[in-house]
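User: I'm new to reading protein structures and would like some practice. Could you walk me through one, feature by feature?

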Amino acid sequence: MDFVPLRFVCETTGGGSYPVGAVPGYVNPAVFGLVLAGLGCWVAALVVAPPGPRGVRGPGG
């Protein structure tokens with residue numbers, strides 16, 4: 001199985017290989033879109049998060 005683009009590759013006994021149409025055509029664009037959305041959420045979290053150390057309590061906390 002190759003990872004980019006997602007597809008299944010069958011290997012023959014002679015050492016050759018051929019791709020199999022087991023992965024529908026809409027899967028690769030959907031995965032690409034989900035990766036971009038995840039990266040966008042990560043960047044947004046970095047921008048919105050307050051600066052400074054996290055999980056440190058102040059005096060009396």
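User: Where does Leu36 lie?

Analyst: Keep in mind that this is a predicted model. Leu36 belongs to helix H1, which covers residues 27-48.

User: Is Leu36 buried, exposed or partly exposed?

Analyst: The idea is to look at relative accessible area: under 20% is buried, over 50% is exposed, and anything in between is partly exposed. Leu36 has 45% relative accessibility, so it counts as partly exposed.

User: What is Leu36 part of on the surface?

Analyst: A nonpolar patch. Its members include Leu36, Val35, Leu39, Trp42 and Val43, and the patch has about 1000 Å² of accessible area together.

User: What about the whole protein: how much is buried?

Analyst: Buried residues come to 0% of the 61 residues. The protein exposes about 5300 Å², and carbon and sulfur atoms supply 69% of that area.

User: How many helices and strands are there, and what pattern do they follow?

Analyst: You'll find 1 helix and 2 strands. Going along the sequence, the pattern is β-β-α.

User: How do S1 and S2 run, and how many bridges join them?

Analyst: Strand S1 (residues 8-11) and strand S2 (residues 17-20) run antiparallel, with 4 bridges joining them.

User: What do S1 and S2 form, and which residue in the turn has a positive phi?

Analyst: They form a hairpin, with 5 residues between the strands. In the turn, Gly15 has a positive phi of about 100°.

User: How many disulfides are there?

Analyst: To count one, you need a pair of cysteine sulfur atoms within 2.5 Å. By that rule, the count here is 0.

User: Are Cys10 and Cys41 exposed or partly exposed?

Analyst: Use the cut-offs from before. Cys10 has 31% relative accessibility, so it is partly exposed. Cys41 has a relative accessible area of 55%, so it is exposed.

Notes:
Residues are numbered from 1 along each chain as its sequence is written. This is a predicted model: local features need pLDDT of at least 70, side-chain atom pairs count only at pLDDT 80 or more; totals for chains, interfaces and linings use all residues. Side-chain values use heavy atoms; hydrogens and water are left out. Buried means under 20% relative accessible area, exposed over 50%, partly exposed in between (1.4 Å probe, protein chains only). Accessible areas come from the Shrake-Rupley method with a 1.4 Å probe; for residues, only the protein chains shown count as cover. Patches are made of residues with over 30% relative accessible area and no salt bridge: like charges are joined within 9 Å, nonpolar side chains (Val, Leu, Ile, Met, Phe, Trp, Tyr) within 5 Å. A salt bridge is a side-chain nitrogen of Lys or Arg within 4 Å of a carboxyl oxygen of Asp or Glu. Two strands pair if DSSP finds at least two bridges between them.
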